[in-house]
Amino acid sequence: MSRRTLAAGLSVAVVLTVTTVPVAAAEQLSVKFPSAKFPLGVPSAATTSVTSVAYGVDLYNVRAGKSTDGYTVTVLMPSGRDYGQQATAEAKAAEVEAAGEVAGVQKVVRPQVADAPAQTVYMVRVGLWKLEDKKEAEKTAKKLKEAGLKVKVDYLGDDGLETTGPWDARVVMIDARTFRGSYAASLGTSVAKRETVSSMAKPGKALAAVNGGFFNIHTAKALQGEPVGASVVAGKLLSEAVPGRSAVVLRGRTARITELTTTVTAISQDGGKLQVNGVNRAGVADELLLYTEEFGAKTPADGGTDVVLDPAGKVVTVRTAGAAVPRGMRVLHGSGTASDWLNEHAWAGWTVKVDTKVVDLRKRRALKLTPDLHVIAGGVGLVRNGRTKITAKRDGHDSMNMILRRHPRTLLGTTRNGSLILATIDGRQPGVTVGANFVEAARFMRWLGATQAINLDGGGSTAMVVGGKVVNRPSDGGERSVGDALLVLPK
């Protein structure tokens, strides 16, 4: 796409297509940094440097591309989005013209992914300025705002359409044949609390670590460390799965990508059964929830009932809800009808079994909840069996912003022989690094040799820690506190 046509106010059609990398890259028998050209933008040679972190663990700094993108002003639609239907976009362009500026209506096709069709939308954009002329774009934006239009200054490297970069990435490659350590998940000191990756990496002296899955920013501030999706730490389920969502299963020094479901059932000694709706999270009316000592916060003070269980499932006490989980105990909490069930089936001195199952949907069997098992939920599946397979809708990220626009990314992949690849692609730093969209993230992981790959949390959460230090460039300007982390441990 010629950016000049934006300034001229012409309608432009832009189609982003899914392309593949050479099959040889996906068929490597061991983990090895690729010799093929960098796969994003115009294929070109990347500048790389490598540091040996430990036996079988290598860190690569990867830089590619160059900065040619600048700024434009994007007009927001009545919906508040930066895109809409053609008629809406043309009406907005007419408002821009009435304000004395030239507008271009730009057709944008968001690519088809594995579980969602392509989407055609239209954007209204005004002007084109070089990177160093952002203030001029801001002047035009101010003028349009004064005319009653809602607009934003947009860096064109972020919009997910064609770009020359640049890209700044970090890649940790862990060779299954030679690595003698192990993998683990960490939620830090508690489920409820958010912590930095470097903080979570410190206790076990992790060789390397990256941020894990998405965490719940739509709950009470004190609970926002809660993972959105399955979390298992040392064989203990600490957060229930979003059914079918991508996840990485870690056991010892092995890593597998799959999809999971979880079921938790409370079974009273009198035969009564009730499904547990959630683990270590805020609840809603009539839910039965399980809280473990790792929760790190009080149970909901909602007028419900707490049943405190010892490790054998014996009811130690029945109490009014709204207190901490005693050390070494678990608490079944019920509100509404679930509270009624507890009062009927969980008397002091009785036994209530908490039956927990974590099911691997690819293997169609339950995982053994042993101390060496760890699970981290992913955000979007990217690569399956060596082919690009982006499951954005199933994983809750079926939007223009998530699929097409570029963001910082934290990525995880496995090779054919079980080696592990951890990668961060920094973004949101105009002229320095542009990040990646889902299509580009999948392409990048296939280039690195991944036959299975998922997207973890990204944006300002993207962080890679090696040897106790942050080695990437977080877009917030420093490490963000996150919900969980994946640790590469020395043993």
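Arg63 has Asp168 of strand S8 as its bridge partner. Strands S3 (residues 57-64) and S8 (residues 167-174) run antiparallel and are joined by 8 bridges. Strands (E, at least two residues) and helices (H or I, at least four) are DSSP runs, numbered from the N terminus. The model is predicted: local features need pLDDT of at least 70, side-chain atom pairs count only at pLDDT 80 or more, and totals for chains, interfaces and linings use all residues. Residues are numbered from 1 along each chain as its sequence is written, and side-chain values use heavy atoms, with hydrogens and water left out.

S3 and S8 belong to an open sheet of 8 strands, ordered S2-S3-S8-S27-S26-S28-S24-S25, with antiparallel pairing. Pairing requires at least two DSSP bridges between two strands.

Asp82 lies in the loop between strand S4 (71-75) and helix H3 (86-98). Its relative accessibility is 13%, so Asp82 counts as buried (under 20% relative accessible area; exposed is over 50%, partly exposed in between; 1.4 Å probe, protein chains only). The side chains of Asp82 and Lys152 form a polar contact of 3.0 Å (N or O atoms within 3.5 Å, one able to donate a hydrogen and the other to accept it; residues adjacent in sequence count only if both atoms are side-chain atoms). Beyond four places in sequence, the contacts of Asp82 (heavy atoms within 4.5 Å) include Thr74, Tyr122, Met123 and Arg405.

Helix H6 (residues 337-345) has Ala338, Ser339, Trp341, Leu342 and His345 buried. These residues lie on the same side of H6 because their arc around the axis is only 155 degrees, taken from the directions from the helix axis to the C-beta atoms. Exposed Asp340 and Glu344 sit on the face turned away.
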